[in-house]
Amino acid sequence: MTRFSATILVLGLTAIPAGAQDTKKEIQKYQQMIAEGSPVELFELEGETLWKKPQGPNNVSLEKCDLGQGPGVLKGAYARLPRYFKDADRVMDLETRLLHCMTTLQGRSRDEATKRVFGNENQPSEMEYLSAYIASQSRGVRLAAGNSHPKEKEAYELGKALFFYRAGAWDMSCASCHGEDNKRIRMQDLPVLYKPQAARPIMATWPAYRVSNSQFKTMQWRLNDCYRQMRFPEPKFASEATNALNTFLTVTAAGEPYRGPGTKR
Amino acid sequence: MAGPMKMRATATGGTTEVRVLMTHPMTTAQMKDQPLHFIQNVVVKQNGKTVIEAEISQAVSRNPVFSFRLKGGAKGDKIEVSWVDNKGESNTIETAVA
């Protein structure tokens, strides 16, 4: 309580920029504290179990799933997604690729595999557990989403266009919130995601555990929820649009060592 | 069925730092249609000898993480952490100090 009143006193005496600095420092301290108490590893463990669990009509596990580095290779796979996959002839991010493996390898129907892609605090989804496990296998690997194949370049351009595309009931675009420096909503800094220096730390820590609702969240969920907040129609899971946006953001963040799955407020 | 636990124990010159994660819903009685369900007791053993007996309340968050330092402890020592909740469910994890 003493420190709290001291902060107010400082705010009263000094110019606004110093106050803003203070707030930023306090937010950083808070973020560090929640990161230290993160239960992310529990999701990784559960994800590993699911990865190895035989499922679907074919009763096989996902262990033969090719995430871009060869069947079953997980080390560094997440850091190099989204990328172009020849067998599917499209650019895929992690969850899209997992869905592909569930339908091809395990023989599950798309409807069944996507019935519950976003979980809740009582029952996280399969995608959430799997993302936690697979992303954890890329810790320390530099982000290098595909950006050479014509389809990858096309996805990047489409993602960029979508990022700045204003529409919906409120006539908003991603850039309405993430297009200007030094903006935040309550405790959340709003990173200017088309700029590499802002996109890098963000993309290097998703997917992530959110302490405010005790849930593990994937990138597909993050994009879906941004569209919900903008009052757009709901984007389809693993659609071309969400993959394009993810490609645009991850390519922008290229070079950053992956250090997720992260912990968010 | 109790969900997974994870633990790390590291010797840091004279003390042992332990960090343990538990999967648990930790529901309070304040939520509608959710039965009271929380971890009640946590026991920490060092080489079979009880060093901490803790009572945990509903105030602790879902999927709790506990960090603490134990006096002494050398590499290879066995640290065991177990919990029991109000429904009698329990889980245990054991690890060697690294």
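Predicted model: local features only at pLDDT ≥ 70, side-chain atom pairs only at ≥ 80, totals over all residues.
Strands (E, at least two residues) and helices (H or I, at least four) are DSSP runs, numbered from the N terminus, and two strands pair if DSSP finds at least two bridges between them. Strand S5 (residues 208-210) of chain A pairs with S7(A) in the parallel sense over three bridges. Within S7(A), A:Lys264 is the residue opposite A:Arg210.

The largest nonpolar core holds 67 residues. Such a core is a set of buried Ala, Val, Leu, Ile, Met, Phe, Trp, Tyr and Cys residues joined through C-beta atoms within 7 Å; a residue is buried if 20 or more other C-beta atoms lie within 10 Å of its own, with C-beta atoms placed from the backbone. A:Tyr78, A:Ile134 and A:Met203 have the most contacts inside the core. Leaving aside neighbours within four places in sequence, A:Met203 is in contact (C-beta atoms, placed from the backbone, within 7 Å) with A:Leu143, A:Leu249, A:Thr250, A:Ala253 and A:Glu256.

Between the chains, nine residues of chain A are in contact with nine residues of chain B.

Residues are numbered from 1 along each chain as its sequence is written, and chains are lettered from A in the order in which they are written. Local features need pLDDT of at least 70 and side-chain atom pairs count only at pLDDT 80 or more, whereas totals for chains, interfaces and linings use all residues.

Terms used
Buried ≥ 20, exposed ≤ 12 C-beta atoms within 10 Å, placed from the backbone. Contact = placed C-beta atoms within 7 Å.
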